[in-house]
Each structure stands twice: as C-alpha cells, then as structure tokens.
Amino acid sequence: MKSILFKYMTKFTSLNDEEQQAIAEKILIEEYKKGTVLLRQGDVPTKCYFVLKGCVRQYSIDKAGKEVSSNFYTEEQAVSIFNRHQQNKPSAYTLTCLEDCTLVVGDLVVKKDMLDEYSQLESMIRKMVEENLGEVQDELASFIASAPEERYKALLRKRPHLVNRVPQHQLASYLGITPESLSRIKKRINCQ
C-alpha cells in the first residue's frame, strides 16, 4: 500500500528515496470497516486522510434533516478537510466509510511538525490541494450549468466506478436529484 503513496508523493515533489522512506515510517496506515464514521458534522477535525483502498462519503445534514452527499473519495484521493483557517471550527460535513477502507491517517498537529522537518512536504501538499481545488472548481461550474441527465453522463465519463460502489439514493443526492429521477435517467440512457 505504501507504494501507492510513494507514487503519489513522487508526482508532486522531488523528495529523494531516503526522505520518502523517513516520511513513510512516520505515516500511519489504518484499516476501517464499512460504516465507520471518521468525522461527524459538528465535531472539530483532528485528522486528515488519503485513500489507499475503499470509498469515503462526505455529506451533511441540511436544515430539513435530509442527508446531502457532497463528495466521494476513492483510491489515490486526499480527503480534504478545510477548516477555513480556524483550528477549532466544527466540521460542516460527516465522513463515512462506504466500503472497508485502507487510509493514510494524518494527525493535523503532527502534520505541522512534519512540515517543519520536510519543507518539500509542504510544497507537495500545496500542489495536491491546488490540483484538487482546480478539479472541484471545474466540476462545480459544470454541475451548475448542467441538467440532471448531463450531470449523470459526466459522472459516467469521469467517475464511472462510483455507479457500482455508491448506493443509488446517495448518488442521486450527490447529483442533486431524487432517486426516482436517477432511475428514469438511467433507463433513458440504457435505451439509447
């Protein structure tokens, strides 16, 4: 599993093998069962994650008490937790394992010490965040401008694996539609 992490680290930084190995020795890899809640909406985040295997759902409960899925993190994706530069700010989201997961777990306090020790690690994280933010901005712009059927087709092009990994009602929530609408869209697309 650490080989996946090394590959990802190499993509974003020029850490030598010795530095990568030193960082890897300090990194905690944990396995979580399906259904494990990593962070609850309203709790203050203390950890960050990188998915080596599995699927993590990000969602919130709206004022009407309805779950709204906002993202799904799968292999080789960092689970971004932005606390708007306030350390003790409660999370607006819940993070739950949709499958058995293997995750790199970073302690947000220890992360600061590692960044002080390995300056290139900070550069790597910044590049990862910039890439992720760019993708999120592009997806949001496309989502806002798209009809529900176009959103589903975009999902099939960009992240087809989610269709078989995520329950339909959660996928519908992510697409901003009802499960019934998603069923109708799937039928129309399958008949084409």
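Predicted model: local features only at pLDDT ≥ 70, side-chain atom pairs only at ≥ 80, totals over all residues.
Biologist: What makes a set of residues a nonpolar core?

Modeller: Its members are buried Ala, Val, Leu, Ile, Met, Phe, Trp, Tyr and Cys residues joined through side-chain atoms within 4.5 Å. Buried means under 20% relative accessible area, with a 1.4 Å probe and protein chains only. The largest such core has 16 residues, and Tyr-152 and Leu-155 have the most contacts inside it. H7 gives the largest share, four residues.

Biologist: Which residues does a second, separate core include?

Modeller: That core has 13 residues, including Tyr-32, Leu-38, Leu-39 and Leu-95.

Biologist: How do you know that S4 and S5 pair?

Modeller: Pairing takes at least two DSSP bridges between strands. Six bridges join S4 (residues 56-61) to S5 (residues 67-73), and the two run antiparallel. One partner pair is Gln-58 and Asn-71.

Biologist: Why is H5 called roughly perpendicular to H7?

Modeller: Roughly perpendicular covers 65 to 115 degrees. H5 and H7 pack at about 115 degrees, with axes 10 Å apart. Therefore H5 counts as roughly perpendicular to H7.

Biologist: Which residues make the contact?

Modeller: Contact means heavy atoms within 4.5 Å. H5 uses Arg-151, Tyr-152 and Leu-155; H7 uses Leu-171, Tyr-174 and Leu-175.

Notes:
Residues numbered from 1 in each chain as written. Heavy atoms only, no water. Buried < 20%, exposed > 50% of the residue type's maximum accessible area, 1.4 Å probe, protein only. Axes fitted to C-alpha atoms, helices over the stretch in contact; angles between N-to-C directions. Parallel < 35°, antiparallel > 145°, perpendicular 65-115°, else oblique.
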